[in-house]
Amino acid sequence: MADFMSRSVIFHLILFLQYLFLYTAEKKRVITTNIRNSKKKSKSARYLIEYIIYAKRGEMLQYRNFPSGDERYPILGFGCMRFPTLTEGSGIDRQRAEEMLDYALEKGVNYFDTAWPYHDGESEPFLGRFLEERKARNRVNIATKLPSWLIRRKEDPMSFFLQQLERLRTDHVDHYLLHSLNSHTWNHLIKVGIFDFLDEIQGRGHAKMVGFSFHDEYSLFREILESYPWDFCQIQYNFLDTDYQAGLRGLKLAASKKIGVVVSEPLRGGCITRQVPPEIMAIWNEGAAYSPAEWALRYVWDDSRIQVVLSGMRTLEEVEENIRIASEVRTGSLGEEDFERYIRVSRFYEQRQKALCSGCRYCMPCTQGVAIPEVLHFLNEACMFRNPEGTADLYHRTIREKKGAQLCISCKVCERSCPQHLPIADLMQEAVEVLG
Ligand code: SF4
Ligand code: SF4
């Protein structure tokens, strides 16, 4: 009996030492900061507790490097734009949101992505206060963004940036992005000397890495990517968007230039997971027993060219599920049959499209300035996911005002150039009815 006991102790000791080695290699910075911040627990007790918790649950977030730095980041980034709210459209439900953030911190999530307009301006101050109260600022990376569409004068970027530091209760931002670049915002930012601003905040150490988030055509993505020594870019990417905006070509280009890639909308704003048609569920169910959300996340995490995937989580359960998946996934673990399944699901959604627009842009420019391919994209989105409200919201925020379908006067000049022979003028009318 005594012999058995001593062998058991030695066995667990070896296991613990193995775990300790792996754990310290994987999460050195998080652990050391935890220990530094811990007043009550000794180092060894802290290691032991974390060993028991993590080993028991089998949870170990995967980490990756940005090409331009040595620091490792968990592949799951916390998107701070969809915190739970007290009632629909009201302020952040602080108690529930803090529970989610506490859980994520405890599990080693250390990339928090916010922006000036999220939660009507409440997200940055909320995150700043939370990190200050938890004394957690030094062990996390804050990513936030310049509201490009609000920039009028040369001095505006610095003015917003200083306000953001104040909101976030910090003296620096780890990842600073030009938010939501498109042809309009990009050209304007160039005019106000945005590169000087980026050089200044990075040169003074107020921003560790600079990048941009993007929502326009691939050609503009390439132009922007090649115009400045960016540390990283943030693109919308998921198994349905491989040919949309920056898409797979953009991902490859960024990787070839050793520019880091952060992915947003891995679930297409929830479209992939809400009201999933039975035909789609049948396809997913042919494979492993994953939820549609898990299939979508596994697709982006399978690609090692992506460093961080942002998930705008709404509930503690979503945080738990995403952390579990981010702990289990391994690069290149999807097989041929899995990729076949993604293609079949994409095709199913595509069949619901209203306009088989190839995005060739031969119809452009429109005589009235309508962004025809973009409008058709939003119309297709609304029909594919039977979700006109959600799609209309993004459409109104991005292109409607200056380039929307309501500007169309049915001159039909564009239709002469469309190789798909699309009834563009009629489709613009339909877009007005569906999207507003
Ligand atoms: S029909 Fe409408 S979308 Fe086409 S060129 Fe004329 S105004 Fe533009
Ligand atoms: S020419 Fe036709 S297919 Fe090409 S982008 Fe315009 S509407 Fe789409």
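I started with a helix pair in this predicted model: the axes of α14 (residues 372-384) and α17 (residues 424-435) come within 10 Å of each other and cross at roughly 50°.

Next I listed who touches whom. From α14 I have I372, V375, L376, F378, L379 and A382. On the α17 side they meet I424, L427, M428, E430, A431, V434 and L435. I sorted the residues of this contact by class and got twelve nonpolar, one charged and no polar.

Then I turned to ligand 1. Which residues come nearest to ligand 1? I noted C366, C408, C411, C414 and A425, out of 15 residues around the ligand. I checked which element gives the most to this shell, and α17 does, with three residues. So much for the helix pair and the ligand as separate topics: α17 meets α14 and also lines ligand 1. By class, I get eleven nonpolar residues in the shell, plus three polar and one charged.

Last, the chain as a whole. I count 17 helices and ten strands in the secondary structure. How much of the chain is buried? I have 38% of the 436 residues down as buried. For contacts with a separation of 6 or more, I find that 76% come from residues 24 or more positions apart.

Technical notes:
Residues numbered from 1 in each chain as written. Chains lettered and ligands numbered in written order. Predicted model: local features only at pLDDT ≥ 70, side-chain atom pairs only at ≥ 80, totals over all residues. Axes fitted to C-alpha atoms, helices over the stretch in contact; angles between N-to-C directions. Helix = DSSP H or I, 4+ residues; strand = E, 2+ residues; numbered from the N terminus. Contact = placed C-beta atoms within 7 Å. Nonpolar A, V, L, I, M, F, W, Y, C, P; charged D, E, K, R; others polar. Near = placed C-beta within 6 Å. Buried ≥ 20, exposed ≤ 12 C-beta atoms within 10 Å, placed from the backbone.
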